[in-house]
Every structure is written in structure tokens, then in C-alpha cells.
Amino acid sequence: MTDIGNVALWITFFVALWASVVGFLAGRTHRPELARSAERSIFVMWGLLVIAAVALMRALLTHDFNVEYVAAYTSRNLPVFYTWSAFYAGQKGSLLLWALVVSTFGSVALLVNRGKYRELTPYVAGTIAIVVVFFVATMVFASNPFERLGFTPPDGRGLNPQLQNPGMVFHPPMLYLGYTSISVPFAFAVAALLSGRLDTGWLHAIRRWTLVSWLFLSCGIVLGMWWAYVELGWGGYWAWDPVENASFLPWLTMTAFLHSVMIQEKRGMLKKWNIGLVVLSFLLSIFGTFLTRSGVISSVHSFSQSNVGWFFLVFLVLAAVLGFGLLAWRWPMLQAEVKLESLVSREGSFLFNNLILIVIAFSVFWGTLFPVISEALRGTKVTVGPPFFNLVNVPLGLMLLLLTGIGPLIAWRRASPENLRRQFLWPVTALLVTAASLAAIRMSDWWSVVAYALGAFVVGTVVQEFVRGTLARHRLHGEMYPLAFVRLVGRNRRRYGGYVVHLGMVMLFAAFAGLAFKRETEVTLKPGQSVDVKSPYGWTYHITHQGVSQYEQLNRYVTAATVDVLRNGKYIGTMRSEKRQHLDSLGRPTFEPSTAVAIHSDAREDLYVVFAGAVQGTEEAVYRITINPLVWWVWYGGLVLALGGLITLWPGGQGPTAASRRRAEPAGYVAQVA
Amino acid sequence: MWRRSPSLLLALACGVTAALAAQAPNADSAAISNAIRTRPGDSLGRLAVPEAAGRPAEVVTARDNEELVKAIEHKIRCTCGCNLDVFTCRTTDFTCSTSPAMHRMVLARLGSGMTEAQVLASFQQQYGEMIFMAPPRHGFNWVAYLMPYVGLAVGLGLVGAVARRWFRATPKAAPTAPGAAADASPEELERLKRELERFEA
């Protein structure tokens, strides 16, 4: 089966090459038989990659340790749940997953748009095929998941214990789905540029795709934060690690695109900008992979260094030249249909919102690469860590939060003073009341005060929009309030889903601001000894060390330290933090011992207890105790964000707007729009 | 071969007992801990397999928790390659022997009467600028801090220039009649807004 997988990869390589050549030829010559061939080749490519993926999965599940990848990432006693995640735990498997997901999305895009966008689809097929050619070539020439060893070891090395966490089962695939699904909007953008069909029609084809990408990226990032928080044990969820940054960059540009595309759909403006954002998002998704594979920047997420980094660099440069070269070529055809009438308008606020998002993306990109730049220009190595990113990005983030509140309040085209007064009254009141209240209770961190006040402003904006819309429906149609609310959202899913996303963002900002009040301490306790830790809310945690126990569990040997916790004298629970020494099937230790954190969480704060180790092999334990305010809001903010994205994505609603359809008409798209 | 070791089996038995005890209601666990305290000889049991608990830990002193020590250690990077600051690494990566050594250096230097600035300077002298978690704000490093805001300024300039060009190209719209909106009821305004949006959108 493994050999079949290997052969399937090689055939995929040639089929994808064929599809790319034929796809572009079909687009250029308008020959339908070539277009059909390109389309079918994409489906064949997908089938072959499924065969390769099944072959690798079978090798993993049957412990075929003669396959180097299987021996490197699994062991006989690895739970099946994690054997599944070993598929993408290493570089070779993740490349196969990437190729499979790109071809899946490509096939779905072609199926969904069958019979529509006839001038675009051959180019779309060709572009998707080129992306697959790249990934498959990287595998067959440099990093083959089916590579065999010269011998068969009795057991594999096993999966890194830090990856044996449910978060790692879902977080990487979500990010891969996010990264790879950007290939579809990119392919449509390239197709629109090559074919010259540059009206809003191609935007209709990719609207849902961009949302899907954004949603997967959002979920992937939040799940990654959750994994880092519960598994790594350092007491935080975001470390501005280069690879975290790499996932954040396309998310920022996609978020900018989701806003600016509305201006193009409604007003026929920002066409160049939108194509530029789609190209940039695709390039940044490849850039993230380049960072993890090249070893150019040191990161805890990096795969072992290999020549695969060069493949990614070359592909990145070629894709940038192709994308931006085509954009430059079609520049004259991308003129705005109308002009901006006033900066005090919805369009104006979206412009500023895009500007801030891109500046944040630039600052993250710049900070990530600055060590390389400094070393190249000055020969001096520097570290760019969280203090830099927080210093630079906190003011920019707060500006973005302000614009999140302002945008929905301003009318399209031009806002009148009366409109502004009426719209801003309650949100600004919420802002001022919050700021005054926090100042009155002497909140010490001014950045946090500003963040909470602006959060209140955004919540005021969103609530006002929901309340006014519901009241208007109630008065106009005589509907009951709950029904009016449901219909309001149901009939304007894009708009109100977007507002729900804004609420999720406020929850995330509230959580980030809470970090200013984090408290951490280390303590050594003998069994029966206690320590008191003060919370920023004023109460006291009384933590008593109960003892340390050792036992074998699944594929590991566990050393568990247990504490009883009282808050202001009231028992709130027993918490257990562990050291886990993983064992192979022969009972031999593998990897260094890892840590399992004990977390007591509620909406106000997390008590985060880490068993740091035993003193001289006794039950005397060292604990790191951290109080993390408002972490709960990160996870639930992420959920609200995803919910908002789902509402926006949900089929039905109004579909492309009337103005957007009118704009598509001259290009001949209208009859094809679903 | 841990699985075959008798000591491991013993530890397993003790561990299961202890784990069950830890899962018991609070009253029970309190009773267990009280029992341990009443028997001083047993109060500090030894682990059956100490190496399974990771790197041997050192007793934490009050100095380890001093805010000044934490502040310094949050500013310097552990050189083990983990990308974490010294405080976070030594309290998180329990396989790292570099960050505890750097922690001892911080304590020793503070103990010798150095100020925070002098301790940081001594680390810079020893390891270079890369020892800091963020580039020190001098010379070329200012480029790192200022570029995002230069980018913002350039972006604002571009938006301003493009907007000015657009405004010049657009004939002035008739001003909105003052009070026209104020005469409408909220539901009429809402309806108008939505009709306009439907039309425009």
C-alpha cells in the first residue's frame, strides 16, 4: 500500500503538470475540450492524493516502521487518536495534507461553479494545479512521506508529548484549511486578471471562500492559543513566536479584504486594492510555511531544517511575481467606478480600518524579520520578542477597536452632522461611563482602561444596531420582538453576522487587556504546607500541597502533584498538575518529561498551577502559580467570533446585493450568479 | 526497562492509592494531609522514580520571587534556543538547565550590589544585544520601532492624497437639508436607511 501511495504521488505530479498547462491553454484559446480536460485532471489529482493519504494513514495505523515517517512520529503504544494526528505532525505528512486539502478545495470550487464563470474556470484549474505541482514536487523530490528505511525498527520514536493533546488534533488542520483555502480566492484573482473579467463577478465566486478561509484561520489561531495555554505551561496563550505571527499575518490581510470587498461590491471602488489583498494573503500563507520549514528564523514550532525551505522561497517569489505582475499589467482596467465623496463615510472608515490592519500586519512582519535584517545589515543579532510586539501593536490595536465601533455608525457616501449625532450618542455615552467607572475604581493600567472603554463603545454600537433594527421591524411589520430579532439577523446575515464577529473581537480585546493584571509566583511546599496568593480582584487563594504520587497511565509514567484550593476560605476544588514521562512499547522513556497544567477557570480569572518539580526526589514540590485574569474571554470570544462567521456564511439570506449584481452585469456575470 | 522494575510496580501501587485519595472529596484529602502531618517521619515521602518527575527542583526562596528579579528576567532571553525569557523558561521548561543558571547569575549580580541597569548591561556585555527580549532603543534599532508608524504615516498620506484627488474629481453634492432628518420618526429613519441601503447596496 505504501508503494501505491508513492506511485500515486508521482502520477499526481504529472497529472497536475498537465492540468496546469492545459488549464492556461484553455483559458487563452477558449477551447472547451481543453477546459474540460483541465477540470477532469483536477478531480483525478484529488483522487490520487486521496489514495496517497489513505496509504500513509494505513502505514501509520498498522505501525509500518519500515516507513521512515511512521517510525519518526508514532510508536506502538501511541493512542489511535494521536496516531491520526501524526499524519501532519511532521513535515512530510503535513505537505501531503496541504496538497490534499488544496486539491479538495480546488475540486469543490470547480464543482460548485460548474457552468458558471466559464472564462475563469480554466485559469482557476490551472492555478490550483500549479499550487499542487509545487507541493507534490516538494514531496517527491525533497521530502517524501513514503521514504523507506534500510531496516525495520521494532518500535517507532513516538509522537512528541506536547503534541499529544486534543488541541493539536484540531489546531493544525484548522490552520491548514485556512491557509489552503486561500488558494481558491487567489486562483480566481489570477483568473480574473488573466481573462480581463475584472468586474465584481469574480468577487461573488470567492465571497464565501474568503469567509471560509478567514473562519478556519480564526478557529485555528484560537485553538492554537488554547493548546499553548493548556499544554506548554508557561501561563500564556500568545508568545509572538514567528510561526504564531505567520498565522496571524494572512488573518489580518483577509480581515482587511472582508471589509474592503464590501466597498467594491457596493460602490465599485478599491478594485486594485482588493486584488492586491487576495494576492498578499496567499503569499503570506506560503510565507508562514516557509518560516517553519526553512529554519531562517528560530521558532519553537519549526520543523527540522531541510532544503524544503528553498522550494518554498522559490515558489513564494514566483507567486509574488505572477500575482503582482498581473496586477500591474491590468492596472489601467481596474479604475474605480465612483469616487469617494467624503472621508466621513462608511467607505472612509473602511479605508482607515484597512490601513490599520495592514499596518499591524506590516509591524508583525517587520518585527518577525527584523533579527534577519539587523544581522544582515549590521552583523548584530537581536531578539524581537513580546515586549516589542506589545509596545508597537497595542496602540494600533486600540485604533482598530475604535474604528470597529465607528464603522457601522457612519452612513455610506456621506454622513450628515445630524446622522453622526444620532448614531454616536449612546455608544459614546457607553465609552465615557465605562472610562469614568474604571477611573473611579482606580484601575492602574491606562492601556487597559482605554481598551475597556473602547470595548464598551463597540458593544454600544452593536447593541444599538440590533435594538434599532429589531424595533423598526416590530413597528413596521408588527412582529414580536424575538421574531423581529431573528428575522432581522436572518435576512441580513452578512451585516449582523459581522456585528457578532465585532462582539467576539471585543471579548478578545477585553481578555488581552486583562493580561496587564497577571500575577505569578513560585513556591516550594512540603505536604500539608500552604501558601496564600492574592488575586487582582482582592480575594485570597489558600493553596495547600497534598502530596505527590506516581503511577503508570496509557503510554506514560505520571508524577502528579495535588493541591487543595480555598478562595476566601471557601473550598473551590482539588487541582492536580502532572509531569509525564512518556514510554515506548518496551517501557523505555522517550522524550523529556512534559508538564500537564492544572487550571481552575471562571469568567473572572484562571488559577493556573504548574508542578515545576520535586526537591531532591521527595514529595516537597515546587509550584509555579499564576493568576490570569479574563482568559475565559479568549475562548468564548473565539466562539462568538466563529459564530458570527457562521451566521455570515450560512446559505440563504440576501446573497449578492443589488448594486453588486448591477456591477457584475456589464461583464456578463449576472446570469451566472447563484 | 521500567515496566519490569519491582520499584516501578511498587510506585504504581502507591500512585494509584494516592491518586484515588486525591480524587476523594475534600474532607478525605484534608484528613489524609492531616494524617501525614501527625506523622513527621512520613511527612516527606520519597518518590519511587525521581527521574520521571523531570529535572530536580531547587527550593524557592523569597529572593526568587522579588519583583526586581522577575522584571530583569522578563527582559533577558534564555540562551538555550527556546525563544522564551529567563523567568518564563526556568518556570516552564523544566528540562532546561540554562535558564536556572542565568537566574543564579541574576541573583549573584544583584547580590553584589548591582542595579537593574547594571545587571542588564552586564548581560549585554556578555552575550551582546540578542540577550534582550526586545532590541534596545538606540541607533539602528530605532528603525524597528519606528517603521510601523512610518508605515502608518505613509498610509495616511496616501489615503489623504487619493481622497483629495477623488474629491477634486467629484462635483459637490447638494448639502443635506438641515432638520430634514430630525423631522422623521425613528422608524421612518430606519426604514429610509434600509431602503437606501437596499437601493445603493
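**Cores and helix pairs**

Tutor: Bear in mind that this is a predicted model. Its largest nonpolar core has 218 residues. Those with the most contacts inside that core are Met45(A), Ala99(A), Val124(A), Ala129(A), Val132(A), Phe135(A) and Phe188(A).

Student: Which helix gives the largest share of this core?
Tutor: Helix H9 of chain A, residues 201-232. H9(A) supplies 20 residues.

Student: And what does Val124(A) touch?
Tutor: Leaving out residues up to four places away in sequence, Val124(A) touches Ala109(A), Leu110(A), Ala187(A), Phe188(A) and Ala191(A).

Student: What other core lies apart from the largest one?
Tutor: One of 36 residues. Among them are Val565(A), Ala598(A), Val610(A) and Val49(B).

Student: New topic, helices. At what angle do H14(A) and H16(A) pack?
Tutor: About 20°, with their axes 8 Å apart. H14 covers residues 386-406 of chain A, and H16 covers residues 446-477 of chain A. Angles under 35 degrees count as roughly parallel, so H14(A) and H16(A) are roughly parallel to each other. Their crossing is left-handed.

Student: Which residues make the contact?
Tutor: From H14(A), they include Val394(A), Leu398(A) and Leu401(A). From H16(A), they include Trp447(A), Val450(A) and Phe457(A). The contact residues divide into 10 nonpolar, 4 polar and no charged.

Student: Now H10(A) and H13(A). Roughly parallel or antiparallel?
Tutor: Roughly antiparallel, because their angle is about 160°. Their axes lie 9 Å apart. This crossing is left-handed.

How values were computed. Residues are numbered from 1 along each chain as its sequence is written. Chains are lettered from A and ligands numbered from 1 in the order in which they are written. This is a predicted model: local features need pLDDT of at least 70, side-chain atom pairs count only at pLDDT 80 or more; totals for chains, interfaces and linings use all residues. Axes are lines fitted to C-alpha atoms, for helices over the stretch in contact, and angles run from 0 to 180 degrees between N-to-C directions. Helices (H or I, at least four residues) and strands (E, at least two) are DSSP runs, numbered from the N terminus. Angles under 35 degrees count as roughly parallel, over 145 as roughly antiparallel, 65 to 115 as roughly perpendicular and the rest as oblique. A crossing is left-handed if the near helix is turned anticlockwise from the far one by less than a right angle, and right-handed if clockwise. Two residues are in contact if their C-beta atoms, placed from the backbone, lie within 7 Å. Ala, Val, Leu, Ile, Met, Phe, Trp, Tyr, Cys and Pro count as nonpolar, Asp, Glu, Lys and Arg as charged, and the others, Gly among them, as polar. A nonpolar core is a set of buried Ala, Val, Leu, Ile, Met, Phe, Trp, Tyr and Cys residues joined through C-beta atoms within 7 Å. A residue is buried if 20 or more other C-beta atoms lie within 10 Å of its own, exposed if 12 or fewer, and partly exposed in between; C-beta atoms are placed from the backbone.
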